[in-house]
Amino acid sequence: MSEIKLLGSAASPFVNRVQFVLNLKSMDYDFINENLTCKSELLLTSNPVLKKVPVLLHANKPPICESLIIIEYLDEIEPNIHKILPTDPSDRAYNRFWACYIDNKFAPLYLELSRAQGKDVKEALKHKIIKGSQLLEEAFVKFSKGEGYFGGHDIGYLDVVLGCYMGLTKIVEKGNEFKVFDEVRTPKLAEWVKRMWLHDVIKSNIPGEDILMNLLLLKCKSSRVS
């Protein structure tokens, strides 16, 4: 039995990004799959405030919740194996800023587009996504410094944060007949996407289209009920 256990769901991009880091760092862990429609007692007691995945259980330490916090924790306990965050405090701050933008401003537009009704509303949301992708292109140019990843020559913090949405990006593009990361508007990120899909750690932890479609349908349905 591993000292590290990850409570999660294979469909969750937030869980996937933690898996990316665990595997990049070659850390052994046990994955405990959660049924999010009928949450286990272990999950409810491990994360009683938010009651959601991912949750990291490490030896006899208190549970650690929220994907970005978990990633930083993993980077701190294994700092010499595939460093995820940059060492410079200013660079770390900028990475955290863009992670916040991706999770709170950019990625939620995918769900809004999936829920949207009417051509004009959909087109407006697609325009917002395209504008967001162009901002991310500028960030990529700055952080990558001519290399292949946000982290430079290898996968770093923002590669993990944005990369976990690649499966959903493909579904959104397919269902709405447009490109989020386009070869003309965002050429660097278009190449980055191809590079990420070829990376063994990344592609092996992104769920298939059926799983992600079910996730989107469930979220759309729950929003209409509430």
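1. The buried residues of helix α3 pack against α1, β3, β4, α4 and α7. Those buried residues are S67, I70, I71, E72, Y73, L74 and D75. Buried here means under 20% relative accessible area, exposed means over 50%, and partly exposed lies in between, with a 1.4 Å probe and protein chains only. Helices (H or I, at least four residues) and strands (E, at least two) are DSSP runs, numbered from the N terminus.

2. This is a predicted model, in which local features need pLDDT of at least 70 and side-chain atom pairs count only at pLDDT 80 or more, while totals for chains, interfaces and linings use all residues. Residues are numbered from 1 along each chain as its sequence is written, and side-chain values use heavy atoms, with hydrogens and water left out.

3. I70 sits in α3, which covers residues 67-77. Its relative accessible area is 0%, so I70 counts as buried. Apart from neighbours within four places in sequence, I70 is in contact (heavy atoms within 4.5 Å) with V18, P54, V55, L56, I64 and C65. The C-alpha atoms of I70 and V21 are 9.5 Å apart in space, and the two residues are 49 apart in sequence.

4. P54, one of the contacts of I70, is joined to V53 by a cis peptide bond with omega of about 5°. P54 belongs to the loop between α2 (41-46) and β3 (55-58). Most residues other than glycine have a negative phi, and most peptide bonds are trans.

5. Where is A59 placed? A59 is in the loop between β3 and β4 (64-65). A59 has a positive phi, near 50°, and is a residue other than glycine. With a relative accessible area of 40%, A59 is partly exposed.

6. Helix α6 (residues 119-144) has 26 residues, and the distance from its first C-alpha to its last is 36 Å, close to the 38 Å expected at 1.5 Å a residue. The expected span is 1.5 Å times one less than the number of residues in the helix. Buried residues of α6 include L125, I129, I130, L136, F140 and F143, and K126 and E137 are also among them. The cover over the buried residues of α6 includes α4 (89-106), α5 (108-115), α7 (157-163), α8 (166-176) and α9 (187-198).

7. K145 follows α6 and is found in the loop between α6 and α7. The phi of K145 is positive, about 55°, although K145 is not a glycine. K145 is exposed, with a relative accessible area of 68%.

8. Two pockets deserve a note. Rolling a probe the size of a water molecule over the atoms shows where empty space is left. On a 1 Å grid over the protein atoms alone, a pocket is an open set of points where a 1.4 Å probe fits, with protein on both sides within 12 Å along at least five of seven lines; lining residues have an atom within 4 Å of a point. Grid points are joined across faces, edges and corners, and a volume is the space filled by probe spheres set on the points.

9. The largest pocket has a volume of about 1000 Å³. Its lining has 34 residues, and S12, P13, F14, L215 and K219 lie nearest its centre. The elements giving two or more residues to this lining are α1 (13-24), α3, α4, α5 and α11 (209-225). Which element gives the largest share of the lining of the largest pocket? Helix α11 does, with seven residues. By class, the lining of the largest pocket has 18 nonpolar, eight polar and eight charged residues. Ala, Val, Leu, Ile, Met, Phe, Trp, Tyr, Cys and Pro count as nonpolar, Asp, Glu, Lys and Arg as charged, and the others, Gly among them, as polar.

10. The second largest pocket holds about 410 Å³ of space. Among its 22 lining residues, P86, F143, F150, G151 and G152 lie nearest its centre. α4, α6 and α7 each supply at least two lining residues, and α6 gives the most, with three. The lining of the second largest pocket divides into eight nonpolar, eight polar and six charged residues.

11. Residues 2-82 are 36% helix and 19% strand, with end C-alpha atoms 20 Å apart. Residues 88-215 are 73% helix and 0% strand, with end C-alpha atoms 37 Å apart.
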